[in-house]
Amino acid sequence: MTFDIGAGLVSARVRDENGKPLAGAEMVLRHKRTPRVTRATADDYGLVVTTASAGVYAVSINAGGYRESTHNIEVVSGDHTALGELALQPDMSLRLPEPGEWVLDQPHTSIRFVARHIGLSRVHGHFTRFRGSINVGERIEDSSVEVVIEAASIDTGSPQRDEHLRSADFLDVENYPRLHFFSNQIQRAAGDRWILDGTLNLRGASRGVRLDAGYLGLREWNGDRLGARATTELHREDFTINWQQTLAKGLAVVGSTVEIKLDVQAIRA
């Protein structure tokens with residue numbers, strides 16, 4: 001690796017409490033005398049590396065569900081400052097929800113999607129009508145999640161496009177008015193991350209779907225609430241949504257992969 005003039009290298013290898021790599025952990029360097037901030041993200045092996053201008057820095061290492069690790073370092077031009085192996089400890093204040101039923105609060109929950117258009121831009125949309133519940137077991141791993149979405153409530157901000165998406169070319173809402181997701185296979189990954197394996201029924205086809213979820217904790221506001229986020233990718237051909245149009249050079253008008261992003265608030269029933 002080459003250094004910028006007047007810069008040095010900073011690295012750390014971040015692990016969880018069990019010694020496993022913490023991919024996605026963020027290292028933030030804040031210069032002590034200037035507003036300069038440098039950020040870097042750990043790879044799949046927990047290794048995070050960046051260059052920074054010479055100077056004294058406050059360094060913080062963060063990962064969801066873990067307590068922050070802080071350090072003071074001096075970066076020397078042309079030199080390597082290694083923080084070494086850093087084991088982050090769980091944030092015990094991130095209390096898990098009590099057993100029972102938690103119902104999705106629709107005004108504070110979003111189900112969004114992103115798809116590619118002619119390889120140039122990303123079309124964003126969401127569903128406006130849905131319902132769902134989280135049944136928390138005595139062990140979180142024994143919990144279940146169910147969500148039902150009204151297909152006709154799709155909204156991308158373009159009425160003409162939305163009508164096409166509701167047609168038989170895509171969601172075919174006349175014959176398949178609802179999307180249904182159910183999961184009772186929940187396992188902890190690391191920190192605030194959980195994996196949900198479930199089944200999505202879309203347009204009459206049922207396929208396995210894995211959600212990468214993050215638990216955001218509990219709050220009390222008009223009732224007890226829990227927060228979570230989740231992402232996944234769907235391939236529309238898996239659900240027999242095969243409509244396609246291509247440009248002159250064979251470029252697809254609509255991409256085959258759809259990103260799904262969920263932000264969830266649920267209220268204790």
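Two strands count as a pair here if DSSP finds at least two bridges between them. With that in hand, welcome to a few close-ups of this predicted model.

**View 1. Strands S5 and S6 side by side.** Strand S5, covering residues 55-62, pairs with S6 through 7 bridges, in the antiparallel sense.

View 2. Stepping back, you will find 4 strands forming an open sheet, in the order S3-S2-S5-S6 and with antiparallel pairing. Strand S3 (37-41) and strand S6 (69-75) are the edge strands; each has a single partner strand, so one side of each is left without a neighbour in the sheet. On average, and with direction ignored, neighbouring strands of this sheet are turned by 20 degrees against each other.

**View 3. A meeting of two phenylalanine rings.** Searching the whole structure turns up 1 aromatic pair. The ring centres of Phe 113 and Phe 127 lie 5.7 Å apart, and their planes stand at 50 degrees, so this pair counts as tilted; planes under 30 degrees apart would be stacked, and those over 60 edge-to-face.

View 4. Buried means under 20% relative accessible area. Phe 113, with a relative accessible area of 9%, is therefore buried. Phe 127 has 10% relative accessibility, so this residue counts as buried too.

Definitions and conventions. Residues numbered from 1 in each chain as written. Predicted model: local features only at pLDDT ≥ 70, side-chain atom pairs only at ≥ 80, totals over all residues. Heavy atoms only, no water. Helix = DSSP H or I, 4+ residues; strand = E, 2+ residues; numbered from the N terminus. Axes fitted to C-alpha atoms, helices over the stretch in contact; angles between N-to-C directions. Phe/Tyr/Trp six-rings, centres within 6.5 Å; stacked < 30°, edge-to-face > 60°. Buried < 20%, exposed > 50% of the residue type's maximum accessible area, 1.4 Å probe, protein only.
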